[in-house]
Amino acid sequence: MIKVKYRNNEILVEEHVIEVIQRLRQEDPTDYESGGMLIGSVLTNSNDVVIRDYTLPLMSDYKSRHRFIRKKQSHNAILQQKWEDSNKTVMYLGEWHTHPEMDPHYSPQDIKNWRKLLDKSNTFSDYLVFIIGGIEIYKVWIGCRRTKDIVLVYKGAYNENI
């Protein structure tokens with residue numbers, strides 16, 4: 001499990017979430033970007049969050065070598081079902097996607113999308129988590145919904161013991 005301190009809160013990402021991103025990374029020059037939602041819980045008595053679930057790319061999403069556009073309605077339907085199945089304890093907590101780079105960097109389009117999500121997403125968390133999975137490394141950013149700050153908080157290799 002990845003454990004990151006951000007301000008006075010802990011952000012936890014369960015290992016199986018990183019394993020899915022690792023499986024979908026763009027190792028082959030013909031692989032398209034993949035992505036989806038990050039889903040989890042805000043812990044009681046704190047503002048700590050745990051990322052424990054995700055949505056996978058769907059047939060309705062747009063995918064190319066350098067672009068992934070998540071189809072909002074179909075991923076929202078999956079999120080809604082997970083919300084109801086969990087007795088309303090899991091919610092939207094961010095986004096993940098892959099890049100065809102060894103060490104991924106966010107693009108201007110990523111920042112634009114993340115800022116829009118910080119403004120418009122409907123969740124109980126003060127923070128959103130953004131993960132980009134590169135070929136050898138993945139990175140985790142945290143965005144604050146109040147200040148709109150987005151900071152890199154973690155850089156990890158898939159072969160680390162997480």
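How many aromatic pairs does a search of the whole structure find? The search finds eight, where rings of Phe, Tyr and Trp (its six-membered ring) pair if their centres lie within 6.5 Å. The structure is a predicted model, in which local features need pLDDT of at least 70 and side-chain atom pairs count only at pLDDT 80 or more, while totals for chains, interfaces and linings use all residues. Residues are numbered from 1 along each chain as its sequence is written, and side-chain values use heavy atoms, without hydrogens and water.

**Aromatic residues**
- Trp114 and Phe130 form a stacked pair, at 4.6 Å centre to centre with 10° between the planes; planes under 30 degrees apart count as stacked.
- This pair links distant parts of the chain, since Trp114 lies in helix 3 (residues 108–120) and Phe130 in strand 8 (residues 127–133), 16 residues apart.
- Both Trp114 and Phe130 are buried (under 20% relative accessible area, 1.4 Å probe, protein chains only).
- One aromatic cluster is formed by Tyr106, Trp114, Phe130 and Trp141.

**His97**
- His97 belongs to strand 7 (residues 91–98); strands are DSSP runs (E, at least two residues) and helices are DSSP runs (H or I, at least four).
- His97 counts as buried because its relative accessibility is 9%.
- The side chains of His97 and Asp110 are joined by a polar contact of 3.2 Å (a pair of N or O atoms within 3.5 Å, one able to donate a hydrogen and the other to accept it).

**Helix 1**
- In helix 1 (residues 15–23), the buried residues are Val17, Ile18, Val20 and Ile21.
- These residues lie on the same side of helix 1 because they cover an arc of only 155° around the axis, taken from the directions from the helix axis to the C-beta atoms.

Technical notes: Buried < 20%, exposed > 50% of the residue type's maximum accessible area, 1.4 Å probe, protein only. Phe/Tyr/Trp six-rings, centres within 6.5 Å; stacked < 30°, edge-to-face > 60°.
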